[in-house]
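Please open the structure in your viewer and keep the selection tool at hand. This tour moves from stop to stop, saying at each one what to select and what is there.

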Amino acid sequence: DGEIHAEALPADGEGAGGALLRNHGGLRLRVAPGRRSDPRRQKNSPHFSIHCINIHSQAKETLKPIPELPEVETVVRTLAPRLAGRRLVEVRCFTRKRWARAVRRAAGKKVLEVHRLGKYIILGLDDGVLAIHLGMTGRLLAGGTPGPHTRACLVLNGLTVLFDDPRQFASVRWLPREPEGLGPDALAVGAAEFTLRLRSRKGSLKPLLLNQSFLRGLGNIYTD
């Protein structure tokens, strides 16, 4: 259980001490052992965090990404094998956001599967779903102890997942069913269908691509 974090890397080559993983949209991740620099985290608690970076950036310092389709897909692929089959023993919230009242309904429910729906992380439960949107600064961490930016704790049998969000634009919502009204997924739509949908609309291209009812999963980074 290492920490997945971003670093500025050359277009070719490999970061020191870790294997490189390619993702959609020209992203590159480095996987390295977890660095327990935060004294609030338990010394022996396994944990990981999900970050990414655009390999075309010339920045020489770690950048904070805004989660969009590739980042969310990475989180889902990391969490799915660890969460599926576990039961949510308790849901603790540390925010006054409206979504915190309903999300406690997930307590006692079993996680059947985890998948991505656009920019949502969907935890399919045996009653309803948890729809997690990372907003601008949200992230999920498996293990560890809550910090100053922890907004919710998903306590499962044998594992605790922390939901951190410094700017509080992210959310964890319990819903009776998956979010509706979304367009086809940006990774699944075919050229013919995409062309047909474009021809049926008028206006500027970027706002259209940002419209999740037209095409789900894209944000400012990739539409630019």
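Begin by selecting E73 and R77, whose side chains form a salt bridge with the closest N and O atoms 2.8 Å apart; the term salt bridge is used here for a side-chain nitrogen of Lys or Arg within 4 Å of a carboxyl oxygen of Asp or Glu. Before going further, note that this is a predicted model, in which local features need pLDDT of at least 70 and side-chain atom pairs count only at pLDDT 80 or more, while totals for chains, interfaces and linings use all residues. Residues are numbered from 1 along each chain as its sequence is written, and side-chain values use heavy atoms, with hydrogens and water left out.

Both residues of this pair belong to helix α1, where E73 and R77 are 4 residues apart and so are separated by about one helical turn; helices (H or I, at least four residues) and strands (E, at least two) are DSSP runs, numbered from the N terminus. Is E73 buried or exposed? With a relative accessibility of 14%, E73 counts as buried, whereas R77, at 57%, is exposed; buried means under 20% relative accessible area, exposed over 50%, and partly exposed in between, using a 1.4 Å probe and protein chains only. The structure holds 7 salt bridges.

Next, select D126 and R87, another salt bridge, whose closest N and O atoms are 3.7 Å apart. Because D126 lies in the loop between β7 and β8 and R87 in the loop between α1 and β5, this pair ties together parts that are 39 residues apart in sequence. D126 is partly exposed at 43% relative accessibility, and R87 is partly exposed at 36%.

The next stop is a sheet. Select β6, β7, β8 and β12, which in that order make an open sheet of 4 strands with antiparallel pairing; two strands pair if DSSP finds at least two bridges between them. At its edges stand β6 (111-117) and β12 (171-175), each with a single partner strand, so one side of each has no neighbour in the sheet. Neighbouring strands here are turned by 20 degrees against each other on average, direction ignored; axes are lines fitted to C-alpha atoms, for helices over the stretch in contact, and angles run from 0 to 180 degrees between N-to-C directions. Bring back helix α1 (residues 69-83), which packs on this sheet by touching β6 and β7, its direction making about 170 degrees with that of β6; contact means heavy atoms within 4.5 Å. Between β7 (residues 120-125) and β8 (residues 129-133) there are 5 bridges, and I122 has A131 in β8 as its bridge partner.

In β11, the bridge partner of L141 is L162.

Finally, select C93 and C153. How many disulfides does a search of the whole structure find? It finds 0, a disulfide being a pair of cysteine sulfur atoms within 2.5 Å. The sulfur of C153 is 8.9 Å from the closest cysteine sulfur, in C93, which is too far for a bond. C93 is buried at 13% relative accessible area, and C153 is buried at 2%.
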